[in-house]
Amino acid sequence: MTIHIRRREFIITLGSMTAAWPLAARAQQSTTKVPRIGWLVTGSPTTYRFSLTAFVDGLKALGYVDGRNCRIEYRWAEGNIARLPDLANELIQQNVDVILAGGSVGAEAAKRATSVVPIVNAGAGDLVEMGLVGSLAHPGGNLTGFVANAPETAAKRFQLMKEIKPQAERAAVLWNPKNSASRLEWNAAKEFVAKDDIVVSLYDARNTVEGLNNALAEISQSALDMLIVLNDPFMFTYRKVIVAAAGRFRLPSIYGFREFVDDGGLISYGGSITDTYRRAAAYVDRILKGEKPADLPVQLPTKFELIVNIKTAKAIGFAIPDSFLLRADEVIE
(Lines give C-alpha, C1' and ligand atoms only; values in the text may rest on other atoms or scores of the structure.)
Protein backbone atom coordinates (compact mmCIF):
# COMPACT_ATOMS: atom_id res chain seq x y z
CA MET A 1 0.00 0.00 0.00
CA THR A 2 2.80 2.34 0.86
CA ILE A 3 4.60 1.56 -2.37
CA HIS A 4 1.45 2.27 -4.38
CA ILE A 5 1.04 5.71 -2.76
CA ARG A 6 4.63 6.63 -3.40
CA ARG A 7 4.37 5.60 -7.03
CA ARG A 8 1.22 7.68 -7.45
CA GLU A 9 2.88 10.68 -5.81
CA PHE A 10 5.87 10.24 -8.06
CA ILE A 11 3.71 10.16 -11.17
CA ILE A 12 1.80 13.27 -10.06
CA THR A 13 5.02 15.10 -9.28
CA LEU A 14 6.55 14.06 -12.59
CA GLY A 15 3.45 15.19 -14.44
CA SER A 16 3.55 18.56 -12.71
CA MET A 17 7.19 19.02 -13.63
CA THR A 18 6.56 18.05 -17.25
CA ALA A 19 3.72 20.53 -17.51
CA ALA A 20 5.88 23.23 -16.01
CA TRP A 21 8.80 22.78 -18.42
CA PRO A 22 7.17 24.52 -21.43
CA LEU A 23 6.10 27.36 -19.16
CA ALA A 24 9.63 27.74 -17.85
CA ALA A 25 11.03 27.63 -21.36
CA ARG A 26 8.58 30.29 -22.50
CA ALA A 27 9.40 32.45 -19.50
CA GLN A 28 13.12 32.18 -20.23
CA GLN A 29 12.52 32.97 -23.90
CA SER A 30 10.39 36.00 -23.02
CA THR A 31 13.18 37.44 -20.88
CA THR A 32 15.81 37.03 -23.61
CA LYS A 33 16.94 40.49 -24.65
CA VAL A 34 16.08 41.41 -28.23
CA PRO A 35 18.82 43.64 -29.65
CA ARG A 36 17.69 47.10 -30.69
CA ILE A 37 19.40 48.74 -33.64
CA GLY A 38 19.04 52.47 -34.24
CA TRP A 39 18.79 53.71 -37.83
CA LEU A 40 19.69 57.39 -38.36
CA VAL A 41 19.82 58.91 -41.86
CA THR A 42 19.27 62.28 -43.52
CA GLY A 43 16.75 61.11 -46.08
CA SER A 44 13.45 59.26 -46.33
CA PRO A 45 12.48 55.62 -46.95
CA THR A 46 12.26 56.51 -50.64
CA THR A 47 15.57 58.31 -51.05
CA TYR A 48 17.42 55.71 -48.96
CA ARG A 49 15.61 52.68 -50.35
CA PHE A 50 18.77 51.09 -51.82
CA SER A 51 20.80 51.65 -48.66
CA LEU A 52 18.04 50.30 -46.43
CA THR A 53 17.61 47.18 -48.56
CA ALA A 54 21.36 46.56 -48.53
CA PHE A 55 21.55 46.91 -44.74
CA VAL A 56 18.51 44.72 -44.05
CA ASP A 57 19.80 42.08 -46.49
CA GLY A 58 23.19 42.21 -44.78
CA LEU A 59 21.55 41.64 -41.39
CA LYS A 60 19.41 38.83 -42.77
CA ALA A 61 22.48 37.03 -44.09
CA LEU A 62 23.80 37.08 -40.52
CA GLY A 63 20.57 35.74 -39.06
CA TYR A 64 18.84 38.97 -37.97
CA VAL A 65 15.24 39.66 -38.99
CA ASP A 66 13.55 42.86 -37.85
CA GLY A 67 10.55 42.07 -35.65
CA ARG A 68 11.62 38.49 -35.09
CA ASN A 69 14.98 38.42 -33.31
CA CYS A 70 15.97 42.07 -33.47
CA ARG A 71 14.26 45.43 -33.60
CA ILE A 72 15.25 48.35 -35.80
CA GLU A 73 14.28 51.79 -34.53
CA TYR A 74 13.99 53.96 -37.64
CA ARG A 75 14.65 57.69 -37.56
CA TRP A 76 14.41 59.59 -40.85
CA ALA A 77 15.39 63.27 -41.10
CA GLU A 78 13.35 63.54 -44.33
CA GLY A 79 15.94 65.85 -45.90
CA ASN A 80 16.12 68.22 -42.94
CA ILE A 81 19.64 67.83 -41.54
CA ALA A 82 18.79 70.11 -38.60
CA ARG A 83 16.55 67.31 -37.26
CA LEU A 84 19.40 64.82 -36.89
CA PRO A 85 20.53 65.81 -33.36
CA ASP A 86 17.00 65.39 -31.95
CA LEU A 87 16.53 62.10 -33.77
CA ALA A 88 19.86 60.84 -32.44
CA ASN A 89 18.81 61.75 -28.90
CA GLU A 90 15.52 59.89 -29.42
CA LEU A 91 17.47 56.75 -30.26
CA ILE A 92 19.53 57.10 -27.10
CA GLN A 93 16.32 57.40 -25.07
CA GLN A 94 15.08 54.21 -26.74
CA ASN A 95 18.09 52.41 -25.23
CA VAL A 96 19.33 51.08 -28.55
CA ASP A 97 22.33 48.76 -28.42
CA VAL A 98 24.01 50.19 -31.51
CA ILE A 99 23.33 53.02 -33.98
CA LEU A 100 23.70 52.74 -37.74
CA ALA A 101 24.39 56.35 -38.78
CA GLY A 102 24.22 57.30 -42.44
CA GLY A 103 26.70 59.72 -44.01
CA SER A 104 29.12 62.11 -42.38
CA VAL A 105 26.41 64.34 -40.87
CA GLY A 106 24.65 61.32 -39.42
CA ALA A 107 27.91 60.24 -37.80
CA GLU A 108 28.44 63.73 -36.36
CA ALA A 109 24.92 63.88 -34.91
CA ALA A 110 25.18 60.42 -33.36
CA LYS A 111 28.62 61.13 -31.93
CA ARG A 112 27.41 64.37 -30.32
CA ALA A 113 24.46 62.52 -28.81
CA THR A 114 26.50 59.79 -27.12
CA SER A 115 30.02 58.75 -26.27
CA VAL A 116 28.82 55.41 -24.90
CA VAL A 117 26.42 53.75 -27.35
CA PRO A 118 28.34 52.08 -30.20
CA ILE A 119 27.99 53.76 -33.61
CA VAL A 120 28.58 52.20 -37.03
CA ASN A 121 28.75 54.75 -39.82
CA ALA A 122 27.96 53.87 -43.44
CA GLY A 123 28.46 56.02 -46.52
CA ALA A 124 30.96 58.19 -44.69
CA GLY A 125 33.46 60.80 -45.77
CA ASP A 126 36.85 61.20 -44.09
CA LEU A 127 36.15 60.33 -40.46
CA VAL A 128 39.71 61.20 -39.43
CA GLU A 129 39.55 64.64 -41.05
CA MET A 130 36.25 65.24 -39.26
CA GLY A 131 37.83 64.32 -35.93
CA LEU A 132 35.35 61.51 -35.29
CA VAL A 133 37.98 58.76 -35.08
CA GLY A 134 41.62 58.74 -34.00
CA SER A 135 42.81 56.80 -37.05
CA LEU A 136 41.47 54.38 -39.63
CA ALA A 137 43.26 51.41 -38.07
CA HIS A 138 42.46 52.32 -34.47
CA PRO A 139 39.29 54.44 -34.31
CA GLY A 140 39.15 54.67 -30.52
CA GLY A 141 35.95 55.82 -28.83
CA ASN A 142 32.52 54.53 -29.73
CA LEU A 143 32.42 55.10 -33.50
CA THR A 144 33.71 53.19 -36.50
CA GLY A 145 32.40 52.67 -40.00
CA PHE A 146 32.65 52.32 -43.74
CA VAL A 147 33.85 55.10 -46.01
CA ALA A 148 32.07 55.53 -49.34
CA ASN A 149 33.82 58.65 -50.52
CA ALA A 150 37.29 58.49 -52.09
CA PRO A 151 38.34 62.11 -52.85
CA GLU A 152 40.55 61.10 -55.78
CA THR A 153 37.47 59.96 -57.71
CA ALA A 154 36.47 63.63 -58.14
CA ALA A 155 39.42 64.19 -60.49
CA LYS A 156 38.44 61.03 -62.33
CA ARG A 157 34.94 62.42 -62.83
CA PHE A 158 36.33 65.54 -64.49
CA GLN A 159 38.51 63.32 -66.66
CA LEU A 160 35.57 61.15 -67.72
CA MET A 161 33.46 64.16 -68.67
CA LYS A 162 36.33 65.66 -70.65
CA GLU A 163 36.73 62.34 -72.42
CA ILE A 164 33.14 62.25 -73.67
CA LYS A 165 33.04 66.00 -74.34
CA PRO A 166 36.59 67.02 -75.37
CA GLN A 167 35.53 70.51 -76.42
CA ALA A 168 34.25 71.31 -72.92
CA GLU A 169 35.80 74.46 -71.45
CA ARG A 170 33.41 75.59 -68.71
CA ALA A 171 32.23 73.42 -65.85
CA ALA A 172 29.82 74.01 -63.00
CA VAL A 173 30.66 72.39 -59.68
CA LEU A 174 27.77 72.01 -57.26
CA TRP A 175 29.04 71.51 -53.74
CA ASN A 176 28.71 72.21 -50.04
CA PRO A 177 31.94 73.84 -48.81
CA LYS A 178 30.89 73.19 -45.20
CA ASN A 179 31.13 69.46 -45.83
CA SER A 180 34.61 67.97 -45.38
CA ALA A 181 34.01 65.36 -48.10
CA SER A 182 33.20 68.08 -50.63
CA ARG A 183 36.27 70.09 -49.66
CA LEU A 184 38.54 67.06 -49.97
CA GLU A 185 37.07 66.20 -53.37
CA TRP A 186 37.55 69.72 -54.66
CA ASN A 187 41.15 69.79 -53.44
CA ALA A 188 41.77 66.50 -55.23
CA ALA A 189 40.21 67.77 -58.47
CA LYS A 190 41.98 71.15 -58.63
CA GLU A 191 45.18 69.82 -60.15
CA PHE A 192 43.40 68.11 -63.03
CA VAL A 193 41.21 71.16 -63.66
CA ALA A 194 44.21 73.49 -63.82
CA LYS A 195 46.16 71.14 -66.09
CA ASP A 196 43.30 70.73 -68.52
CA ASP A 197 42.43 74.44 -68.70
CA ILE A 198 38.85 74.01 -67.56
CA VAL A 199 37.17 77.14 -66.23
CA VAL A 200 35.24 76.12 -63.14
CA SER A 201 32.42 78.00 -61.44
CA LEU A 202 31.57 76.84 -57.91
CA TYR A 203 27.94 76.86 -56.82
CA ASP A 204 27.21 76.52 -53.10
CA ALA A 205 24.06 74.54 -52.22
CA ARG A 206 24.31 75.85 -48.61
CA ASN A 207 22.68 72.74 -47.11
CA THR A 208 19.18 74.16 -47.53
CA VAL A 209 16.45 73.65 -50.12
CA GLU A 210 16.45 77.38 -50.79
CA GLY A 211 20.21 77.40 -51.23
CA LEU A 212 20.06 74.44 -53.59
CA ASN A 213 17.31 76.02 -55.70
CA ASN A 214 19.23 79.31 -55.88
CA ALA A 215 22.38 77.49 -56.97
CA LEU A 216 20.49 75.61 -59.67
CA ALA A 217 18.88 78.84 -60.86
CA GLU A 218 22.34 80.41 -61.23
CA ILE A 219 23.56 77.39 -63.17
CA SER A 220 20.61 77.65 -65.55
CA GLN A 221 21.59 81.21 -66.43
CA SER A 222 25.24 80.42 -67.14
CA ALA A 223 26.93 79.21 -70.32
CA LEU A 224 28.30 75.85 -69.20
CA ASP A 225 29.49 72.65 -70.83
CA MET A 226 29.07 70.21 -67.96
CA LEU A 227 28.03 69.80 -64.33
CA ILE A 228 30.01 67.98 -61.65
CA VAL A 229 28.27 67.33 -58.33
CA LEU A 230 30.56 66.77 -55.36
CA ASN A 231 29.50 64.32 -52.67
CA ASP A 232 27.38 65.61 -49.82
CA PRO A 233 24.58 63.95 -47.77
CA PHE A 234 22.18 66.84 -48.33
CA MET A 235 22.55 66.72 -52.11
CA PHE A 236 22.33 62.93 -52.02
CA THR A 237 18.95 63.32 -50.32
CA TYR A 238 17.78 65.88 -52.90
CA ARG A 239 19.32 64.13 -55.88
CA LYS A 240 16.02 63.98 -57.79
CA VAL A 241 15.82 67.77 -57.71
CA ILE A 242 19.37 68.05 -59.05
CA VAL A 243 19.07 65.49 -61.84
CA ALA A 244 15.72 66.94 -62.93
CA ALA A 245 17.31 70.40 -63.19
CA ALA A 246 20.27 69.04 -65.17
CA GLY A 247 17.78 67.43 -67.54
CA ARG A 248 15.90 70.70 -68.03
CA PHE A 249 19.18 72.51 -68.70
CA ARG A 250 20.23 69.71 -71.10
CA LEU A 251 23.53 69.77 -69.27
CA PRO A 252 25.76 66.64 -69.27
CA SER A 253 26.38 65.83 -65.63
CA ILE A 254 28.35 63.40 -63.50
CA TYR A 255 27.85 62.35 -59.90
CA GLY A 256 29.71 60.40 -57.25
CA PHE A 257 27.13 57.70 -56.58
CA ARG A 258 24.96 55.49 -58.75
CA GLU A 259 21.75 56.47 -56.92
CA PHE A 260 21.81 59.73 -58.90
CA VAL A 261 21.83 57.78 -62.16
CA ASP A 262 19.12 55.41 -60.97
CA ASP A 263 17.01 58.54 -60.44
CA GLY A 264 17.71 59.99 -63.89
CA GLY A 265 21.26 61.36 -63.75
CA LEU A 266 23.55 60.89 -66.75
CA ILE A 267 26.76 59.35 -65.35
CA SER A 268 28.19 58.39 -61.99
CA TYR A 269 31.61 57.23 -60.93
CA GLY A 270 32.70 56.44 -57.40
CA GLY A 271 32.41 54.10 -54.48
CA SER A 272 29.23 52.18 -53.78
CA ILE A 273 27.12 53.55 -50.93
CA THR A 274 24.90 50.46 -50.86
CA ASP A 275 28.00 48.30 -50.47
CA THR A 276 28.97 50.21 -47.32
CA TYR A 277 25.52 49.66 -45.79
CA ARG A 278 25.67 45.95 -46.57
CA ARG A 279 29.13 45.68 -45.02
CA ALA A 280 28.04 47.76 -42.02
CA ALA A 281 25.65 44.97 -41.02
CA ALA A 282 28.69 42.80 -40.22
CA TYR A 283 30.04 45.40 -37.79
CA VAL A 284 26.62 45.71 -36.14
CA ASP A 285 26.64 41.94 -35.66
CA ARG A 286 30.14 41.95 -34.18
CA ILE A 287 29.27 44.75 -31.77
CA LEU A 288 26.08 42.97 -30.64
CA LYS A 289 28.28 39.95 -29.94
CA GLY A 290 30.54 41.97 -27.68
CA GLU A 291 33.24 43.62 -29.80
CA LYS A 292 33.98 47.32 -29.35
CA PRO A 293 33.91 49.98 -32.10
CA ALA A 294 37.31 51.20 -30.91
CA ASP A 295 38.82 47.87 -32.02
CA LEU A 296 37.09 47.68 -35.43
CA PRO A 297 39.11 49.52 -38.10
CA VAL A 298 37.38 52.02 -40.39
CA GLN A 299 37.01 50.38 -43.80
CA LEU A 300 37.74 52.16 -47.09
CA PRO A 301 35.63 51.62 -50.22
CA THR A 302 36.35 48.41 -52.08
CA LYS A 303 33.81 48.67 -54.89
CA PHE A 304 33.94 51.42 -57.54
CA GLU A 305 31.51 51.62 -60.43
CA LEU A 306 30.89 53.58 -63.61
CA ILE A 307 27.16 53.80 -64.38
CA VAL A 308 25.61 55.42 -67.47
CA ASN A 309 21.96 56.25 -68.09
CA ILE A 310 21.53 56.06 -71.86
CA LYS A 311 17.88 57.12 -71.58
CA THR A 312 18.97 60.41 -70.07
CA ALA A 313 21.64 60.86 -72.75
CA LYS A 314 18.98 60.53 -75.45
CA ALA A 315 16.59 62.85 -73.61
CA ILE A 316 19.15 65.70 -73.50
CA GLY A 317 20.45 64.97 -77.00
CA PHE A 318 23.94 63.98 -75.88
CA ALA A 319 25.83 61.24 -77.71
CA ILE A 320 28.05 58.99 -75.59
CA PRO A 321 30.73 57.08 -77.54
CA ASP A 322 30.28 53.32 -77.77
CA SER A 323 33.81 52.81 -76.49
CA PHE A 324 32.82 54.61 -73.28
CA LEU A 325 29.66 52.56 -72.87
CA LEU A 326 31.65 49.33 -73.21
CA ARG A 327 33.75 50.35 -70.20
CA ALA A 328 30.73 51.05 -68.02
CA ASP A 329 29.88 48.64 -65.23
CA GLU A 330 26.23 49.16 -66.03
CA VAL A 331 24.24 50.94 -68.73
CA ILE A 332 20.65 51.89 -67.85
CA GLU A 333 18.49 51.78 -70.97
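Author: Two strands pair if DSSP finds at least two bridges between them. Keep that cut-off in mind. The model is predicted. Its open sheet has 7 strands, in the order β7-β6-β8-β9-β10-β11-β12, with mixed pairing. β7 (199–204) and β12 (330–332) stand at the edges. Each has a single partner strand, so one side of each is left without a neighbour in the sheet. From one strand to the next, the twist averages 20 degrees.

Strand β11 (residues 304–309) is joined to β12 by 3 bridges, and the two run parallel. Val308 stands opposite Val331 of β12.

β6 (170–175) runs parallel to β7, and 6 bridges join them. Here Val173 stands opposite Leu202 in β7. β6 also pairs with strand β8 (residues 226–229), in the parallel sense, over 4 bridges. In that pairing, Leu227 in β8 is the bridge partner of Ala172.

Next, the helix. α6 (residues 180–195) lies across β6 and β7. Its direction is at about 165 degrees to β6. Together, β6, α6 and β7 make a right-handed β-α-β unit. β6 is mostly covered, with 5 of its 6 residues buried.

As a general point, strands of a sheet pair through backbone hydrogen bonds, either parallel or antiparallel. In a regular strand, side chains alternate between the two faces of the sheet.

Key. Residues numbered from 1 in each chain as written. Predicted model: local features only at pLDDT ≥ 70, side-chain atom pairs only at ≥ 80, totals over all residues. Heavy atoms only, no water. Axes fitted to C-alpha atoms, helices over the stretch in contact; angles between N-to-C directions. Contact = heavy atoms within 4.5 Å. Buried < 20%, exposed > 50% of the residue type's maximum accessible area, 1.4 Å probe, protein only. Right-handed = clockwise from strand over helix to strand, strands pointing away.
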